[in-house]
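Hi,

Here is the structure I promised to pass on.

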Amino acid sequence: MQWVWPSMSAFEVRHTRLRRFCERLARRWSDFDMAGHPLEIGEAFQQEVLEAESEQEYREHPSEDQLPLLATLVCCSPFDIALYDAYGRLHGKSVFEMLNRDYMNRDLSAYLEADADVDVDFHGQFPSDYLVHDRPQSLVAWHLVGGLDPISEAELTGDEPVDGHPVLLGDWIARDGLQCLKVKLRGTDAAWDYDRLVSVGRVAQATGVQQLTADFNCTVMDPAYVVAILDRLAAEEPAIYDSILYIEQPFPYDLEEYRIDVREVSRRKLLLLDESAHNWQLVRLGRSLGWSGVALKTCKTLTGALLSLCWAKAHGMAVMVQDLTNPMIAQAPHVLLAAHCGTLMGVETNAMQFYPSASDLEAKVHPGLYRRRDGCIDLSSLRGSGFGYRIEEVHRPLPVAAARYGVAE
């Protein structure tokens, strides 16, 4: 919740409003009278409906915070993703086979505009021009090292869960054969952040982990903070410095309000937008400020992720696909996006850390999606039309719908 809607408002207040906003969107999606490809419909819905619904919702709660754009996108994403799956099932094709001129009515020039300093013409181009078509059957999996996760036995408190899953970082690495670690930092305590990177880096070196990334949690206000940590690492711990593949979103969410020149950071390491990258226009703004890549998330709509992907790759920016803990069938579009977009390295996937039993039913059909082996997840079970959910084989009981929209009783 805090990631979707950072606020001092009570959790239950925000949770209730987001649930009700999802119900609003269900009505609007049901009534949205447009035919075409899911990307065309999804983009039009965001332009014509989503912002207007957010404004109307705020008018009904004038004494409270307005829903941030990120929160509205997260509410919209299940409908957007379901539309892609339905379209694929209708045509008997994979979602990612249908992002070309054979199925789309308009090319990318209808949605995207290139910067003047690059030789790119989106006329005649489609998302398929920026995708990997012979998708890999496995992906390297990034493991999240949270700020409170114990690294050594001395950090154990005795309150750790006893659920059959690892607790210490070294045990996670040994069990899953991890190769890549994402290190959560504070962004407000340089000494702590440096020591944390060194501690995790030394465990990584001792266990054969190849890559690290640092996530400063969107709390840094001055690029000098990140630069100082990186330069100190380069001088004192060069092997750990070299293992850092990229830096993720150190600076505040609101890119338009906080137009920070970040070139000093991106000169040292690839610097990826995450929380700020809600659409391709914000990726464009980020590039003008010196950001060198973007982390995509399906929870901000697949439509937005695809358009941001195309714009970023056309402008030479690096691409990753990051997680918002996607359990159950949410894992499928998440990892398929990563497999088809040619990421820097693999995909972040952490549902098996935070909700290790939530996907047990899906894991009977897709065992490789919910357990990392030799540091990778296996996508080979995802086959068939749409996202290849094979939902008929999963047999997951679903709760009774709170409401039904546009469905004959």
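A residue counts as buried when its relative accessible area is under 20%, as exposed when that area is over 50%, and as partly exposed in between (1.4 Å probe, protein chains only). By that rule, buried residues make up 53% of the 409 in the protein chain.

Before going on, please keep in mind that this is a predicted model, where local features need pLDDT of at least 70, side-chain atom pairs count only at pLDDT 80 or more, and totals for chains, interfaces and linings use all residues. Residues are numbered from 1 along each chain as its sequence is written, and side-chain values use heavy atoms, with hydrogens and water left out.

Now the overall picture. The protein chain has 14 helices and nine strands; these are DSSP runs, numbered from the N terminus (helices are H or I with at least four residues, strands are E with at least two). Along its principal axes, the C-alpha trace spans about 60 × 50 × 50 Å. Among contacts in the chain with a separation of 6 or more, 72% are between residues 24 or more positions apart (contact means heavy atoms within 4.5 Å).

Next, have a look at helix α2. This helix covers residues 38-59, 22 residues in total, and reaches 30 Å from its first C-alpha to its last, close to the expected 32 Å (the expected span is 1.5 Å times one less than the number of residues). Where does α2 bend? The bend is at Gln-46, by about 40°, taken as the angle between axes fitted to the seven residues ending there and the seven starting there.

Asn-217 has a phi near 70° and sits in the loop between β3 (211-215) and α6 (223-236). Arg-390 has a phi of about 55°, and its place is in the loop between β9 (376-378) and α14 (391-394). Asn-217 counts as partly exposed because its relative accessibility is 37%, while Arg-390, at 16%, counts as buried.

Finally, find Asn-350 in the loop between β8 (347-348) and α12 (351-354). Its relative accessible area is 2%, so Asn-350 is buried. Leaving aside neighbours within four places in sequence, Asn-350 is in contact with Leu-144, Asp-323 and Thr-325.

Cheers!
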